[in-house]
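Please have the sequence and the structure open side by side.

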Amino acid sequence: MPVPGSWQETARAARLLNPDGGIATTIFTEMSALATRTGAINLGQGFPDQDGPQIVLDTAKKAIDAGVNQYPPGRGTPELLDAVIDHQKRFYNLALDTDNVLVTAGATEAIAATLLALLSPGDEVITFEPYYDEYAAVIALAHATQVTVPLSYPAFTPDVQSLQAAVTPRTRAIVINNPLNPTGTVFDARVLQQIVDVAVTHDLLIVSDEVYEHLVFEGLRHIPISTLPGAFERTITISSAAKTFSVTGWKIGWLSGPAELVSAILTVKQYLTFVNGAPFQPAVAAGLRLDDAFYTSIAAALQRKRDILVEGLEAAGFGVAPSAASYFVVADTAPLGYPDAELLSRELPELVGVVGVPVSAFASEKTAQSYRSLLRFAFCKRESVLAEAATRLTKLRR
């Protein structure tokens, strides 16, 4: 039995250890290995199969050739800090200064550094469920407790009464992911303001993961929660180059918020990666300065890809939840006679040559059953790949 407070207990809470004490294999690793072994189309992991804009790639190459290969400044290169500041002003009318911004090793490090810096052992952190799996791991590493507010298929819309009921005297923060991975849900202004109101009433921090901010469909507009009344002074906003510019391997992210919170996070970040990605930082800065037509085009292209996959899923007989943003769509396997999506996910590569990930992997053990028949599919692939996946999935219809 793990000793209370030990690393084993922390790792078990974060689901990093299996019951025998070994390192747990994530469902993502397992599904990718299955895809490789079977030759299946991998719609399980959210990475594009096409490169991003040429100017971004060329700027990185030029930076390498120019010798930008050593440690960058701890807070980030001046050109990227300025580009993030200009981006927030241009798109959201947020006025920031250098003290309000920190460059990180992707959104992953931004989330980790933020939670490790701002949480104390025994704190409680509210997340909506299903949730990006890093949240549970880092909360456990901070010796805090994750409290989940489940969202229901197919709308996956937060309920303010449930959120209020989750708050206790030990609650320190609310973590949101908007647009939401794995469901593609976009929280509207009303829902976001309700979250802010709860945070203000109970003096809570808000950590807002907004990496899919530019991948929003059908004319919807991304609203950073920090722009709402009462929010900025208690909110850390996190984003990344990975999804917007199709450079998931570069690991360039950033966070912004009140200077005193950002400084506290920097004290932790410097002991994680210290700094990262020197030649990629000016490249991402160039991307952030691309014109509006670029941002409109990437959302439109991804919406087309979503439609190809959704049409295939519906033709196969899946129930399909609305996806208004991100790389992902959630499908219900129950109408096809498969009540257990986790089991089906392991059989799907052999059955039809397609890989998806069970939504239960994004849920706590106590509520995973609520999502038992749901699979997440990624549509950030070439249209020809998605069309082939859609054709293969129709073979499931009984």
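Val-320 stands opposite Ala-331 of β10. The two strands involved, β9 (residues 319-320) and β10 (residues 328-332), pair in the antiparallel sense over two bridges; strands count as paired if DSSP finds at least two bridges between them. Helices (H or I, at least four residues) and strands (E, at least two) are DSSP runs, numbered from the N terminus. This is a predicted model, in which local features need pLDDT of at least 70 and side-chain atom pairs count only at pLDDT 80 or more, while totals for chains, interfaces and linings use all residues. Residues are numbered from 1 along each chain as its sequence is written, and side-chain values use heavy atoms, with hydrogens and water left out.

Ala-331 also has a partner in β13, namely Leu-375. Five bridges join β10 to β13 (residues 374-378), and these strands run antiparallel. In a regular strand, side chains alternate between the two faces of the sheet. From β10, Phe-328, Val-330 and Asp-332 point one way, and Val-329 and Ala-331 point the other way.

Arg-376 lies over the face of Phe-328, at 3.7 Å from the ring centre, and the charged end of Lys-381 sits over the ring of Phe-47, 3.6 Å from its centre. A charge sits over a ring if NZ of Lys or CZ of Arg is within 6 Å of the ring centre and within 35 degrees of the ring normal.

Now for rings that meet rings. Rings of Phe, Tyr and Trp (its six-membered ring) pair if their centres lie within 6.5 Å; planes under 30 degrees apart count as stacked, over 60 as edge-to-face and the rest as tilted.

| Pair | Centre distance | Plane angle and class |
|---|---|---|
| Phe-128 and Phe-187 | 5.9 Å | 80°, edge-to-face |
| Phe-318 and Phe-377 | 6.0 Å | 80°, edge-to-face |

Phe-318, in the loop between α12 (292-316) and β9, and Phe-377, in strand β13, are 59 residues apart, and their pair links distant parts of the chain. Phe-318 is buried, with a relative accessible area of 5%, and Phe-377 is buried at 0%. Phe-128 and Phe-187 are buried too. Elsewhere, ring pairs link Phe-91, Tyr-92, Phe-245, Phe-294 and Tyr-295 into a cluster.

On a 1 Å grid over the protein atoms alone, a cavity is a set of points where a 1.4 Å probe fits but cannot get out, and a pocket is an open set with protein on both sides within 12 Å along at least five of seven lines; lining residues have an atom within 4 Å of a point. Grid points are joined across faces, edges and corners, and a volume is the space filled by probe spheres set on the points.

The second largest pocket holds about 540 Å³ of space. Its lining has 24 residues, with Gly-46, Thr-108, Tyr-132, Asn-181 and Lys-243 nearest the centre. Helix α5 gives the largest share of that lining, four residues.

There are three cavities of 30 Å³ or more, and the largest cavity holds about 40 Å³. Its lining includes Val-84, Glu-210 and Trp-254, and β7 supplies the largest share, three residues.

Methods. Buried < 20%, exposed > 50% of the residue type's maximum accessible area, 1.4 Å probe, protein only.
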